[in-house]
Amino acid sequence: NHPSLISFHLPKATTVSMKIYSSTGQLVSRIFENQKFDSGNHRISQDVSGLSAGIYFVKMQTGENESI
């Protein structure tokens, strides 16, 4: 597995938590929790070499929103 690139945009500065879940809903990795980010575009490179081949979901939470 190659590193995965995760891109996201924040309209304003906020704290962000990002986690990886398996297709069965099991938490498999915490990328970061309550990390402060400025507004704007961001790109995170995540090493996924420790994960088995398969489908995974990234859940991103801010103080106001959450998306998968």
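## The sheet

Four strands build an open sheet, ordered β3-β2-β5-β6, with antiparallel pairing. The edges belong to β3 (27-37) and β6 (66-67); each has a single partner strand, so one side of each lacks a neighbour in the sheet. Strands here are DSSP runs of E with at least two residues, and helices are runs of H or I with at least four; both are numbered from the N terminus. Two strands count as paired if DSSP finds at least two bridges between them. Strands of a sheet pair through backbone hydrogen bonds, either parallel or antiparallel.

This is a predicted model: local features need pLDDT of at least 70, side-chain atom pairs count only at pLDDT 80 or more, and totals for chains, interfaces and linings use all residues. Residues are numbered from 1 along each chain as its sequence is written, and side-chain values use heavy atoms, leaving out hydrogens and water.

## Strand pairings

Seven bridges join β2 to β5, and the two run antiparallel. Across this pairing, Ile 20 stands opposite Val 58 in β5.

Strand β5 spans residues 56-62 and pairs with β6 over two bridges, again in the antiparallel sense. A hairpin of three residues links β5 to β6. Met 60 has Ser 67 of β6 as its bridge partner.

## Ser 17

Which strand holds Ser 17? Ser 17 sits in β2, residues 14-22. Ser 17 is buried, with a relative accessible area of 9%. Buried means under 20% relative accessible area, exposed means over 50%, and partly exposed lies in between (1.4 Å probe, protein chains only).

A polar atom of the Ser 17 side chain lies 3.0 Å from the backbone nitrogen of Asn 34. Leaving aside residues up to four places away in sequence, Ser 17 touches Phe 32, Glu 33, Asn 34, Lys 59, Met 60 and Gln 61. Contact means heavy atoms within 4.5 Å.

## Thr 15

Thr 15 also belongs to β2. Is Thr 15 buried or partly exposed? Thr 15 is partly exposed, at a relative accessible area of 30%.

Thr 15 touches Asn 34, Gln 35, Lys 36, Gln 61, Thr 62 and Gly 63, again not counting residues up to four places away in sequence. Thr 15 and Asn 65 are 50 residues apart in sequence, yet their C-alpha atoms are 11 Å apart in space.

## The whole chain

The chain has six strands and zero helices. Its pattern along the sequence is β-β-β-β-β-β. Along the principal axes, the C-alpha atoms fill a box of roughly 35 × 20 × 15 Å. Of the 68 residues, 29% are buried. Among contacts with a separation of 6 or more, 62% involve residues 24 or more positions apart.

The chain exposes about 4,800 Å², and carbon and sulfur atoms supply 45% of it. These areas come from the Shrake-Rupley method with a 1.4 Å probe; for residues, only the protein chains shown count as cover.

Notes: Polar contact = N/O pair within 3.5 Å; in protein donor to acceptor, adjacent residues only side chain to side chain.
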